[in-house]
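Me: I would like to learn how to read the features of a model like this one. Can we go through it step by step?
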Amino acid sequence: MASAVEKGKKVAAYRAVDENITAEHKVIGIGSGSTVVYAVERILQRKELQHIVYIPTSFQSRLLITEGGLTLGSIEQFPEIDVTIDGADEVDPQLNAIKGGGACQFQEMVVAKAAKKFVMIADYRKKSKSLGTEWVKGVPIEVVPLAYKVVMHALNNLLSVKPQFTKLRMAVQKAGPVVTDNGNFVIDAHFGPIADPHKLGQEIKLLTGVLEVGLFCRMAEIAYFGEEDGSVDIWKRQ
């Protein structure tokens with residue numbers, strides 16, 4: 001029997017697909033994470049969406065697209081996307097988000113930025129009054145491997161906000177660090193409640209060796225949250 005969390009993910013994903021993807025669309029971005037599985041499930045149920053080209057943000061979403069028999073495309077072929085649907089690790093009322101818990105933040109950022117409309121889906125646990133309060137594993141930062149120690153030193157010494165901790169993300173069933181789909185490392189930096197996520201994201205992005213930062217600010221137009229009772233809470237960017 002599915003848990004309340006899984007039911008929440010499913011209803012949020014289904015509604016996001018139904019309200020944001022139509023047969024008139026030509027190119028759709030597919031994000032990463034457990035909630036996105038339900039988005040693809042819903043797409044497969046709707047036959048009028050089978051002709052659309054789908055752009056993945058990770059190896060996981062590539063498999064969802066190909067195993068579902070959908071048309072796989074690449075961002076190189078289709079630099080302009082109609083709608084991108086993706087999950088999130090934490091979302092604030094302004095629809096700023098922390099993403100990258102699954103170590104896909106660079107490709108997620110590229111596909112999100114290429115979209116005319118960016119839609120987020122999550123369960124109720126991901127709602128937050130301030131980023132850094134519910135998701136306490138840290139802001140994911142994708143870095144070039146040879147520069148990870150330089151970046152960690154800069155994070156601890158050069159930012160306007162000092163992190164509570166920085167750590168290189170280590171793999172669970174593999175010796176050594178997590179390696180992204182792009183062959184990079186991930187540093188998780190926890191800052192506690194983040195007063196200005198956009199400013200912090202810009203500061204981190206400027207550090208030499210940083211490829212991408214898991215702070216998605218001023219990007220999403222709408223977010224769908226599946227609640228414990230099976231309803232969907234919708235937040236729109238003001």
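Reply: Start with pairing. Two strands pair if DSSP finds at least two bridges between them. This is a predicted model. In it, S4 and S7 run parallel and are joined by 5 bridges.

Me: What holds paired strands together in general, and which residue of S7 is the bridge partner of Thr84?
Reply: Strands of a sheet pair through backbone hydrogen bonds, either parallel or antiparallel. Here, Thr84 has Phe118 as its bridge partner in S7. Thr84 of S4 also stands opposite Gly29.

Me: What lies beyond S7?
Reply: Strand S13 (residues 222-226) does. S7 pairs with S13 in the parallel sense, over 5 bridges. Ala122 stands opposite Phe225 in S13.

Me: In what order do the strands of this sheet come, and is the pairing parallel, antiparallel or mixed?
Reply: The order is S3-S2-S1-S4-S7-S13-S14. These 7 strands form an open sheet, and the pairing is mixed.

Me: How many residues of S7 are buried?
Reply: Take buried as under 20% relative accessible area. Strand S7 (residues 115-123) has 7 of its 9 residues buried, and is mostly covered.

Me: How do I read side-chain directions along a strand?
Reply: In a regular strand the side chains alternate between the two faces of the sheet.

Me: Why is S8 called largely enclosed?
Reply: 5 of the 5 residues of S8 are buried, so the rest of the structure largely encloses it. Now look at the pairing of S8. S8 and S10 run antiparallel and are joined by 5 bridges. S8 also pairs with S11, again antiparallel, over 3 bridges. Glu142 takes part in both pairings: Glu142 stands opposite Val186 in S10, and the bridge partner of Glu142 in S11 is Glu212.

Me: Now a helix. Which residues of H5 are buried, and which are exposed?
Reply: An α-helix has 3.6 residues a turn, so residues three or four places apart point the same way. Helix H5 (residues 148-157) has Val151, Met152, Ala154 and Leu155 buried. Seen down the axis of H5, the buried residues fall within an arc of 165°, so they line one face of the helix. Lys149, Val150 and His153 are exposed on the other side of H5.

Me: What covers the buried residues of H5?
Reply: The cover includes strand S8 (139-143), strand S9 (165-168), strand S10 (185-190), helix H6 (197-205) and strand S11 (210-213).

Me: How do I read an aromatic pair, and how many does the structure hold?
Reply: Check the centre distance, then the angle between planes. Planes over 60 degrees apart count as edge-to-face. The structure holds 3 aromatic pairs. One of them is Tyr148 with Phe185: the ring centres are 5.8 Å apart and the planes are at 65°, so this pair is edge-to-face. The pair links distant parts of the chain, with Tyr148 in helix H5 and Phe185 in strand S10, 37 residues apart. Tyr148 is partly exposed at 24% relative accessibility. Phe185 is buried, at 15%.

Me: Which residue lies over the face of Phe216?
Reply: Lys99 does, at 5.2 Å from the ring centre.

Me: How many disulfides does a search of the whole structure find?
Reply: The search finds 0 disulfides. The cut-off is a pair of cysteine sulfur atoms within 2.5 Å. The sulfur of Cys104 has its closest cysteine sulfur in Cys217, 19 Å away, too far for a bond. Cys104 counts as buried, at 12% relative accessibility. Cys217 counts as buried too, at 10%.

Note on methods: Residues are numbered from 1 along each chain as its sequence is written. This is a predicted model: local features need pLDDT of at least 70, side-chain atom pairs count only at pLDDT 80 or more; totals for chains, interfaces and linings use all residues. Side-chain values use heavy atoms; hydrogens and water are left out. Buried means under 20% relative accessible area, exposed over 50%, partly exposed in between (1.4 Å probe, protein chains only). Helices (H or I, at least four residues) and strands (E, at least two) are DSSP runs, numbered from the N terminus. The arc is that of the directions from the helix axis to the C-beta atoms. Contact means heavy atoms within 4.5 Å. Rings of Phe, Tyr and Trp (its six-membered ring) pair if their centres lie within 6.5 Å; planes under 30 degrees apart count as stacked, over 60 as edge-to-face and the rest as tilted. A charge sits over a ring if NZ of Lys or CZ of Arg is within 6 Å of the ring centre and within 35 degrees of the ring normal.
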